[in-house]
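Please look over the chain shown here before reading on. The briefing that follows takes its sheet, its helices, its core and its salt bridges in turn.

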Amino acid sequence: MESLMLRDDQSRSPEDRPRPDRSRTDCPVLLSQRLVLRSPHVEDIDALAHLANNAAIATMVSRMPHPYTAKDAADFVRRTNIGEIGKCVYAITKAENGEFLGCCALEPHAADEDTLEMGYWLGEPYWNRGYATEAAHALIDMAFRTRDIVRIDARCRVTNIASRRVIQKCGFQFQGSGMVGNLAMGGMVPVEWYRLDRKTWLSLKSWGEMR
């Protein structure tokens with residue numbers, strides 16, 4: 001959850017900020033048992049603004065502003081679709097009716113081309129239903145099957161028990177702890193760092209065996 005970017009880090013120099021990637025052809029629509037993961041649409045703006053405007057979410061995601069406005073949501077949708085935020089940013093939606101639930105993303109690691117970072121968040125009405133784990137499984141499977149990467153990293157705040165459980169259920173192993181900036185809280189917060197390597201992912205064989 002910590003790595004998902006909903007607003008650009010204004011502290012970075014122009015040289016360090018992500019360059020637009022006009023093509024999302026390497027970010028295919030992902031289907032799971034209950035979910036469809038696809039690029040954010042203009043039609044998501046109202047639901048995005050409503051769900052993201054929640055301090056319980058913003059304080060757990062490093063770059064989500066709070067309050068979170070319709071303007072923030074519109075800017076997020078625009079910038080994700082021209083590649084300014086992350087590498088693959090997905091809207092998490094229900095397969096049965098297209099209902100917007102939250103977002104997940106893969107970002108390239110700043111200093112290691114063999115590593116991607118995964119982030120995610122769900123609106124509070126959809127917590128504790130297994131949606132985050134299901135979305136993470138789909139994202140992880142796509143990353144290892146379609147990219148020449150060695151590992152995926154994920155981070156969560158030390159107080160975020162639910163996010164830690166999702167990360168662990170996906171097979172990530174604890175690597176260490178540290179501090180990261182949190183936009184909503186206006187300072188640094190302690191986080192835990194987890195890693196899933198390709199060998200471990202292959203050994204899992206089937207997400208369905210994990211509970």
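**The sheet and what surrounds it**

In this predicted model, an open sheet is built from 8 strands in the order E1-E2-E3-E4-E5-E6-E8-E7, and their pairing is mixed. The edges are formed by strand E1 (30-31) and strand E7 (173-182), each of which pairs on one side only.

**Strand pairing**

- Strands of a sheet pair through backbone hydrogen bonds, and they can do so either parallel or antiparallel.
- E7 and strand E8 (residues 187-197) run antiparallel and are joined by 9 bridges.
- Within this pair of strands, glycine 176 stands opposite tryptophan 193, which belongs to E8.

- Helix H4 (residues 131-146) lies across several strands, including strand E3 (88-94), strand E4 (100-109) and strand E5 (112-122), and runs at about 160° to E5.
- H4 has 16 residues and reaches 23 Å from its first C-alpha to its last, which is close to the 22 Å expected at 1.5 Å a residue.
- H4 is mostly covered, since 14 of its 16 residues are buried.
- Helix H5 (residues 161-169) lies across E5, E6 and E8, running at about 160° to E6.

**The nonpolar core**

- The largest nonpolar core holds 56 residues, and those touching the most other members are Leu37, Leu48, Tyr90, Met118, Trp121, Ile140 and Phe172.
- Helix H4 supplies the largest share of this core, with 10 residues.
- Leaving aside residues up to four places away in sequence, phenylalanine 172 touches a set of residues that includes Met118, Ile140, Ile152, Ile167 and Tyr194.

**Salt bridges**

- A search of the whole structure finds 10 salt bridges.
- In one of them, the side chains of aspartate 112 and arginine 151 meet at 2.8 Å, N to O; aspartate 112 lies in strand E5 and arginine 151 in strand E6, so the pair ties together parts that are 39 residues apart in sequence.
- Aspartate 112 is partly exposed, with a relative accessible area of 22%, whereas arginine 151 is buried at 18%, because buried means under 20%.
- The side chains of glutamate 117 and arginine 155 also meet in a salt bridge, at 2.8 Å, N to O; glutamate 117 lies in strand E5 and arginine 155 in strand E6, so this pair ties together parts that are 38 residues apart in sequence.
- Arginine 164 forms a salt bridge with glutamate 192, with their closest N and O atoms 2.8 Å apart; the pair ties helix H5 to strand E8, parts that are 28 residues apart in sequence.
- Arginine 164 counts as buried at 15% relative accessibility, and glutamate 192 counts as buried at 14%.

Terms used: Residues are numbered from 1 along each chain as its sequence is written. This is a predicted model: local features need pLDDT of at least 70, side-chain atom pairs count only at pLDDT 80 or more; totals for chains, interfaces and linings use all residues. Side-chain values use heavy atoms; hydrogens and water are left out. A nonpolar core is a set of buried Ala, Val, Leu, Ile, Met, Phe, Trp, Tyr and Cys residues joined through side-chain atoms within 4.5 Å. Buried means under 20% relative accessible area, exposed over 50%, partly exposed in between (1.4 Å probe, protein chains only). Helices (H or I, at least four residues) and strands (E, at least two) are DSSP runs, numbered from the N terminus. Contact means heavy atoms within 4.5 Å. The expected span of a helix is 1.5 Å times one less than its number of residues. Two strands pair if DSSP finds at least two bridges between them. Axes are lines fitted to C-alpha atoms, for helices over the stretch in contact, and angles run from 0 to 180 degrees between N-to-C directions. A salt bridge is a side-chain nitrogen of Lys or Arg within 4 Å of a carboxyl oxygen of Asp or Glu.
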